[in-house]
Amino acid sequence: MKHNTGITAETTESVALAVDGSQPVWMTLNEARERAFTGEIVFETDPEVLAYLDHGVVYYAERVTDASLGRRLLEAGVLDVEQLDRGTVRVGDIEHLGRLFDRDPSVDRDAVVVVAESSTHELIADLANRAITTVRVTAYRHHPSG
């Protein structure tokens, strides 16, 4: 019995990650890991879930309906408004937090990382255990918040 991985011989050379049709989320994530995929996978659920990967590992995931990362960090109590304001680089509609710890050394790096990791792990585990869906893939697209 042949197992269909969703990746064909012709796509293995030309695309970073190709998924044909609906399949379980865990299968898509396994393929991304095996290919060391870096970029964005949009799981076409309701609401959509955006997952950002680096070398096949999901480093951040969110629903399109979720509050911004900065707002979520405020709500979790790991940042206050002043820390968020000092640590955010705003360019147009983008609120970039990639330099948060450099711009405000008073921020507890470990607490921020734990909040981001735990929410990501919870969302991905839930999705991987229940959803069969189609995806959209963009190689080397990273989360806009940095």
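At 63% relative accessibility, Tyr-140 counts as exposed. The model described here is predicted. Tyr-140 lies in the segment after S8. Its phi is positive, near 65°, although the residue is not glycine. Most residues other than glycine have a negative phi, and most peptide bonds are trans.

Arg-141 also belongs to the segment after S8. Its relative accessibility is 41%, so Arg-141 counts as partly exposed, the class between 20% and 50%. Arg-141 touches Gly-39, Glu-40 and Tyr-52, leaving out residues up to four places away in sequence. With Glu-40 the link is polar: a contact of 2.9 Å joins the two side chains. The C-alpha atom of Arg-141 is also separated by 7.7 Å from that of Thr-38, although the two residues are 103 apart along the chain.

Four strands form an open sheet in the order S4-S3-S2-S8, with antiparallel pairing. Strand S4 (57-63) and strand S8 (135-139) stand at the edges; each has a single partner strand, so one side of each is left without a neighbour in the sheet. Neighbouring strands are turned by 20° against each other on average, direction ignored. Strands of a sheet pair through backbone hydrogen bonds, either parallel or antiparallel. Strand S3 (residues 49-54) pairs with S4 over six bridges, in the antiparallel sense. Within this pairing, Leu-53 stands opposite Val-58 in S4. Helix H6 (residues 109-130) packs on the sheet, where it touches strand S2 (39-43), S3 and S4. The direction of H6 makes about 80° with that of S4.

The largest nonpolar core has 19 residues. Those with the most contacts inside it are Val-25, Leu-29, Ile-41, Phe-43, Ala-51, Leu-53 and Val-58. H2, S2, S3, S4 and H6 each give two or more residues to this core. The largest share, four residues, comes from H6. Leu-53 has contacts with Ala-32, Phe-37, Thr-38, Gly-39, Ile-41, Val-58, Tyr-59 and His-142, leaving aside its neighbours within four places in sequence.

Helix H2 spans residues 25-34, and its buried residues are Val-25, Met-27, Thr-28, Leu-29, Glu-31 and Ala-32. An α-helix has 3.6 residues a turn, so residues three or four places apart point the same way. Thr-28 has a relative accessible area of 0%; buried means under 20%, so Thr-28 is buried. Beyond its neighbours within four places in sequence, Thr-28 is in contact with Val-19, Gln-23, Ile-41, Phe-43 and Val-135.

Ala-36 follows H2 and lies in the loop between H2 and S2. Its phi is near 55°, a positive value in a residue other than glycine. Ala-36 has a relative accessible area of 38% and is partly exposed. Pro-47 lies in the loop between S2 and S3. A cis peptide bond joins Asp-46 to Pro-47, with omega about 0°.

Notes. Residues numbered from 1 in each chain as written. Predicted model: local features only at pLDDT ≥ 70, side-chain atom pairs only at ≥ 80, totals over all residues. Heavy atoms only, no water. Buried < 20%, exposed > 50% of the residue type's maximum accessible area, 1.4 Å probe, protein only. Pairing = 2+ DSSP bridges. Axes fitted to C-alpha atoms, helices over the stretch in contact; angles between N-to-C directions. Contact = heavy atoms within 4.5 Å. Core = buried A, V, L, I, M, F, W, Y, C linked by side-chain atoms within 4.5 Å. Polar contact = N/O pair within 3.5 Å; in protein donor to acceptor, adjacent residues only side chain to side chain.
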